[in-house]
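Please keep the structure in view while reading.

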Amino acid sequence: MAKFVFGLMQSLDGYVDHQELGPPAPSTFRHFIEHVRDLTGMVYGRRTYEIMRYWDEDQPDWDTGDHDFAAVWRSQPKWVVSRSLKSVGPNATLIADDIEAAIRGLKAERSGEIDVAGPDLARSLTDLGLIDEYRLYLRPVVLGRGTPFFAGPRPPLRLVASDLIGEDMIRLTYVPA
């Protein structure tokens with residue numbers, strides 16, 4: 001059975017606006033390359049998937065880390081939950097109908113860790129009791145606005161770990177209480 005983990009970088013005040021947060025430090029970026037390499041796959045909401053599609057095609061200004069991340073990201077299966085998209089890119093499967101059954105099927109059929117990305121999607125999966133772990137990657141930035149990490153009321157959680165990631169990020173790991 002797969003373990004579903006919702007984790008995103010966020011500001012100290014709880015927002016996940018990736019444009020405003022900017023790229024992570026190189027050592028932190030290396031953490032994410034290794035993290036994605038070890039995944040069974042990723043489940044995305046539409047908006048997050050559209051942001052991540054950036055990694056589908058090489059860019060002329062990329063460095064070695066960018067190429068490494070793109071390679072591992074492209075190699076992982078992706079499931080995109082959206083009722084508005086009509087198609088998705090390479091190595092991705094669109095889930096448009098009976099989302100609960102599709103996600104429960106993934107959880108039952110796969111083993112390993114599957115990342116869940118997108119606050120609205122995570123809220124829906126939280127409401128269904130499908131998120132096994134929450135990882136809050138805190139950046140030393142205060143934004144004052146953006147999309148909150150928790151799209152709804154914070155579920156009852158229990159802290160199970162805190163780790164320094166790279167030079168300037170702390171990961172707080174919670175499980176449902």
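Helix H2 (residues 26-37) and helix H4 (residues 64-75) pack with their axes 9 Å apart, at an angle of about 20 degrees. That angle makes H2 roughly parallel to H4, because angles under 35 degrees count as roughly parallel. The crossing of the helices H2 and H4 is left-handed. On the H2 side, the residues that meet H4 are Phe29, Arg30, Phe32, Ile33, Val36 and Arg37. Their counterparts in H4 are Gly65, Asp66, Asp68, Phe69, Val72 and Trp73. These values, like those that follow, come from a predicted model.

**The sheet**

How are the strands arranged in the sheet? Eight strands form an open sheet, and their order is E4-E3-E2-E5-E1-E6-E8-E7. The pairing in this sheet is mixed. E4 and strand E7 (157-165) are the edge strands, and each of them pairs on one side only. From one strand to the next, the twist averages 25 degrees.

E2 is joined to strand E5 (residues 112-117) by four bridges, and the two strands run parallel. With E3, E2 also pairs in the parallel sense, over four bridges. Val43 stands opposite Val116 in E5, and the bridge partner of Val43 in E3 is Trp79. Gly45 stands opposite Val81 in E3.

Is E2 enclosed or open to the outside? Five of the five residues of E2 are buried, so this strand is largely enclosed by the rest of the structure. In a regular strand the side chains alternate between the two faces of the sheet. In E2, Gly41, Val43 and Gly45 are on one side and Met42 and Tyr44 are on the other. All of these residues are buried, and both faces of E2 are therefore covered.

In soluble globular proteins, nonpolar side chains tend to be buried together. The largest nonpolar core here has 51 residues, of which Phe4, Val43, Phe69 and Ile103 touch the most other members. Strand E1 (residues 2-10) supplies the largest share of this core, with five residues. Beyond its neighbours within four places in sequence, Val43 is in contact with Phe4, Trp79, Val81, Ile103, Leu106, Ile114, Asp115, Val116, Ala117 and Leu121.

Helix H5 (residues 99-109) has the buried residues Ile99, Ile103, Gly105, Leu106 and Lys107. They pack against E1, strand E2 (41-45), strand E3 (78-81), strand E4 (92-95) and helix H6 (119-127).

Lys107 lies in helix H5. Its relative accessibility is 8%, which counts as buried, because buried means under 20%. Leaving aside neighbours within four places in sequence, Lys107 is in contact with Met1, Ala2, Lys3, Phe4, Leu130 and Asp132.

Thr173 is found in strand E8 (residues 169-176). With a relative accessibility of 6%, Thr173 also counts as buried. Neighbours within four places in sequence aside, the contacts of Thr173 are Glu133, Tyr134, Arg135, Arg158, Leu159, Val160 and Ala161.

Most residues other than glycine have a negative phi. Which phi values do Asn91 and Asp98 have? The table lists them.

| Residue | Phi | Relative accessible area |
|---|---|---|
| Asn91 | about 60 degrees | 39% |
| Asp98 | about 45 degrees | 55% |

Asn91 has a positive phi although it is not a glycine, and Asp98 has a positive phi although it is not a glycine either. Asn91 lies in the loop between E3 and E4 and is partly exposed. Asp98 lies in the loop between E4 and H5 and is exposed.

Terms used. Residues are numbered from 1 along each chain as its sequence is written. This is a predicted model: local features need pLDDT of at least 70, side-chain atom pairs count only at pLDDT 80 or more; totals for chains, interfaces and linings use all residues. Side-chain values use heavy atoms; hydrogens and water are left out. Buried means under 20% relative accessible area, exposed over 50%, partly exposed in between (1.4 Å probe, protein chains only). Contact means heavy atoms within 4.5 Å. A nonpolar core is a set of buried Ala, Val, Leu, Ile, Met, Phe, Trp, Tyr and Cys residues joined through side-chain atoms within 4.5 Å. Two strands pair if DSSP finds at least two bridges between them. Axes are lines fitted to C-alpha atoms, for helices over the stretch in contact, and angles run from 0 to 180 degrees between N-to-C directions. Angles under 35 degrees count as roughly parallel, over 145 as roughly antiparallel, 65 to 115 as roughly perpendicular and the rest as oblique. A crossing is left-handed if the near helix is turned anticlockwise from the far one by less than a right angle, and right-handed if clockwise.
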